[in-house]
Amino acid sequence: MKIWLNGGLQDAEGARVSVFDHGLTVGDGVFETIKAEHGRAFALTRHLERLTTSARGLGLPDPDLDEVRRGCAAVLDANPMALGRLRLTYTGGVSPLGSDRGDAGPTLVIALSETQRRPDATAAVTVPWTRNERGALAGLKTTSYGENVVALARARERDASEALFANTVGALCEGTGSNVFVVLDGELHTPPLHSGCLAGITRALTVAWAGAKETDLPLDALERAEEIFLTSTLRDVQAVTRIDDRQLGDGPGPVTAEAMRIFDEQSAADFDPR
């Protein structure tokens with residue numbers, strides 16, 4: 001396995017990042033996860049734009065997107081596989097032990113691992129913790145993922161693959177690594193970005209392609225929804241057939257099935273949608 005580290009390909013077993021890297025010591029970093037199919041990265045331009053947005057929000061220098069594209073191409077070429085998870089990690093680099101950032105410059109790592117297509121349906125749970133829609137990191141894709149680890153562990157304990165959060169005012173927000181859509185009275189809705197949710201790439205494409213409305217919703221909309229589905233890079237569009245103890249069905253409902261069909265069709269037609 002080959003990875004890209006700070007400008008070149010290296011063997012994964014021998015690649016080294018400093019133990020003083022700020023991404024390791026304090027979570028000072030941003031990242032992107034990109035679906036890779038047969039050596040092609042889906043929606044790469046959108047992902048790189050979001051990487052830059054997240055870096056700016058964290059106060060990191062803009063990443064060199066030409067280098068990032070070269071690194072992605074090199075890693076994909078060196079590690080052929082049918083379906084992969086391409087991971088871009090960009091951190092504050094070697095820094096003092098503390099919150100102050102050093103001046104050594106950022107670290108860039110690009111890695112790839114093989115994955116399998118997700119099932120069409122899954123289960124999700126709600127959790128008692130909240131997203132802070134007014135926090136400094138709201139809407140940024142940072143490596144500070146501790147609360148997601150805790151929430152996802154709660155979901156796994158309840159035989160679910162995702163945990164859903166409200167924000168501090170009780171509005172439906174997002175999952176640990178996904179955006180959420182609900183069908184109410186036959187209409188498709190998803191929380192707006194000001195709820196504190198991540199500006200998901202798959203979310204934005206689904207809103208555009210399937211005609212979803214961005215709507216402020218209470219968390220208990222999940223109790224009334226006729227259908228629920230999740231979107232993310234590796235889920236694409238995935239139906240939720242159980243939320244907490246509520247069973248919604250055995251498979252995707254009609255609105256979800258149509259959103260799945262549209263997403264598959266449109267993404268196949270344009271692998272780098274702008």
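## Terms and model

Buried means under 20% relative accessible area, exposed means over 50%, and partly exposed lies in between, with a 1.4 Å probe and protein chains only. This is a predicted model, in which local features need pLDDT of at least 70 and side-chain atom pairs count only at pLDDT 80 or more, while totals for chains, interfaces and linings use all residues. Residues are numbered from 1 along each chain as its sequence is written, and side-chain values use heavy atoms, with hydrogens and water left out.

## Salt bridges

Side chains of opposite charge can pair when their charged atoms come close. A salt bridge is a side-chain nitrogen of Lys or Arg within 4 Å of a carboxyl oxygen of Asp or Glu. A search of the whole structure finds 17 salt bridges. One of them joins K2 and D11, with the closest N and O atoms 2.6 Å apart. K2 is partly exposed at a relative accessible area of 33%, and D11 is also partly exposed, at 41%.

R131 and E147 form a salt bridge with an N to O distance of 2.5 Å. R131 lies in strand 7 (residues 121-131) and E147 in helix 4 (residues 146-157), so this pair ties together parts that are 16 residues apart in sequence. Helices (H or I, at least four residues) and strands (E, at least two) are DSSP runs, numbered from the N terminus. R131 is buried, with a relative accessible area of 8%, whereas E147 is partly exposed at 42%.

The side chains of D220 and R224 also meet in a salt bridge, at 4.0 Å from N to O. R224 has 48% relative accessibility and counts as partly exposed; D220, at 37%, is partly exposed as well. Elsewhere, a network of salt bridges links K35, E37 and D236.

Helix 3 (residues 65-78) has 14 residues and reaches 20 Å from its first C-alpha to its last, close to the 20 Å expected at 1.5 Å a residue. The expected span is 1.5 Å times one less than the number of residues in the helix. The buried residues of helix 3 are E67, V68, G71, C72, A74, V75 and L76. D64 caps the N-terminal end of helix 3, where a side-chain oxygen lies 3.1 Å from the backbone nitrogen of D66. A polar contact is a pair of N or O atoms within 3.5 Å; within protein, one must be able to donate a hydrogen and the other to accept it, and residues adjacent in sequence count only if both atoms are side-chain atoms.

Helix 7 (residues 254-269) has 16 residues, which should span 22 Å; its end C-alpha atoms are 23 Å apart, which agrees. In helix 7, the buried residues are T256, A259, M260, I262, F263 and S267. Their cover includes helix 5 (201-210), strand 13 (227-232) and strand 14 (236-243).

## R85 in strand 5

R85 is found in strand 5 and is partly exposed, with a relative accessible area of 38%. R85 and I34 are 51 residues apart in sequence but 5.9 Å apart in space, C-alpha to C-alpha. Not counting residues up to four places away in sequence, R85 touches T33, I34, A111, L112, S113, T115 and L234; contact means heavy atoms within 4.5 Å.
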